[in-house]
Amino acid sequence: VLKGQEATCRSARSGFPNQRTRQYMAASDVENGPTLVTNASDDEKSLVKSQRKWDSGDRVSYGAHIFWMSKEFGWVLLIPEICLPCGALAAVMIAYGVIVHCYRRPLEEVVIEIVMCIWLWNNVLWMASEVLFDEPDVEFPWNFCPVILGEHQSLCYHLSEIFKNGFLLGVAVYVLGVLVIFYRHRQVRGALGEVLLQGYLCSWCLKDYFWAAEKVWPALSTDLITVPMLLYHIHLQSGIRSFTGAGSAWIVWALANAVWILGELEFPGVNGFNFASASLLFVALILLICGYASYKEAEQKVLCNETSGDESSASGSIQLSCMSSQSSAC
């Protein structure tokens, strides 16, 4: 009996499960991190923080963001040789990531990617219509735009109207996704919280909508409001380390868009705003490329996976009972 008690004490001190607690725990794949698994009833199950598997969809989506940022750099300087191919690659790659994750991940994770895909596709098509057909208000020494010469103002206007309403489609999908997740996962607070924390995507869709409608102050407001939202989300997701990595790229990107909006809608013809925005976009691109490790770490983390109060209390009581029995044995 004494030997059995000593073994139980050593198990409790070392943190390794003994025979009694081993029935509640199992080691998952090293790549996915530790996950609690139980053989008991549903009320006895609890969720712990885990990591997503970094798959091909994530790698392709990361490449899509790099091409997306490169597209923005080429667009603000009106260089179609950069923005057109980079925009096309970004759109195709992010669509691939969405398709892959639709079969592998739950709705609360995929809905954010769907909104981002809708936003990017409309953004790329809007960019293509302006670069190909629109006569720019600002002049550059290279003067590459429009690519297709001629009178196409009417066509460019109608295309802009179509893509402008496409940004509202992204907002509608986000709101619908929130409602569906709230209905389907009411017992899990984290499922809805993870989506709500990424509401800055909805603000960016509205930013492009107002920008395409040439409403400067609503566009600036919906763009700049994403900065504190991003700061809070990055802090919860990866901590202060991510501010020096890929997380800071999105903040610099939002500031670059604010400068771009102000110059295009309030000071048309002044190319200084375009050069300032291009400089910020280049910095954001470098931060994103150099922050691959922090980007991967942030994407792998599952932010909110807490259960409801009843489930948490049930699982907590099980773990406490195991710990108390071990302490009593000691």
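Select the lining of the largest pocket: its residues divide into 17 nonpolar, five polar and seven charged. Here Ala, Val, Leu, Ile, Met, Phe, Trp, Tyr, Cys and Pro count as nonpolar, Asp, Glu, Lys and Arg as charged, and the others, Gly among them, as polar. This is a predicted model, in which local features need pLDDT of at least 70 and side-chain atom pairs pLDDT 80 or more, while totals for chains, interfaces and linings use all residues. Residues are numbered from 1 along each chain as its sequence is written, and side-chain values use heavy atoms, with hydrogens and water left out.

The pocket has a volume of about 620 Å³. A pocket is an open set of points on a 1 Å grid over the protein atoms alone, where a 1.4 Å probe fits, with protein on both sides within 12 Å along at least five of seven lines; lining residues have an atom within 4 Å of a point. Grid points are joined across faces, edges and corners, and the volume is the space filled by probe spheres set on them. Now pick Glu-130, Asp-134, Asp-137, Glu-214 and Glu-264, the closest to the pocket centre of the 29 lining residues.

Next, colour helices 2 (56–76), 4 (107–133), 5 (153–184), 7 (200–212) and 10 (246–266), the elements that each give two or more residues to this lining. Helix 5 gives the most, with five. Helices are DSSP runs of H or I, at least four residues long, and strands are runs of E, at least two, numbered from the N terminus. The protein has 13 helices and zero strands.

Move to Trp-75 and Trp-260. Their rings form an edge-to-face pair, 5.3 Å centre to centre with 85° between the planes. Rings of Phe, Tyr and Trp (its six-membered ring) pair if their centres lie within 6.5 Å; planes under 30 degrees apart count as stacked, over 60 as edge-to-face and the rest as tilted. Trp-75 lies in helix 2 and Trp-260 in helix 10, so the pair ties together parts 185 residues apart in sequence. Both are buried, that is, under 20% relative accessible area (1.4 Å probe, protein chains only).

Then select Trp-119 and Trp-204. The ring centres are 5.4 Å apart and the planes at 25°, so this pair is stacked. Trp-119 is in helix 4 and Trp-204 in helix 7, 85 residues apart.

Last, show Leu-201. Beyond its neighbours within four places in sequence, Leu-201 is in contact (heavy atoms within 4.5 Å) with Ile-112, Val-115, Met-116 and Trp-119.

Notes. Buried means under 20% relative accessible area, exposed over 50%, partly exposed in between (1.4 Å probe, protein chains only).
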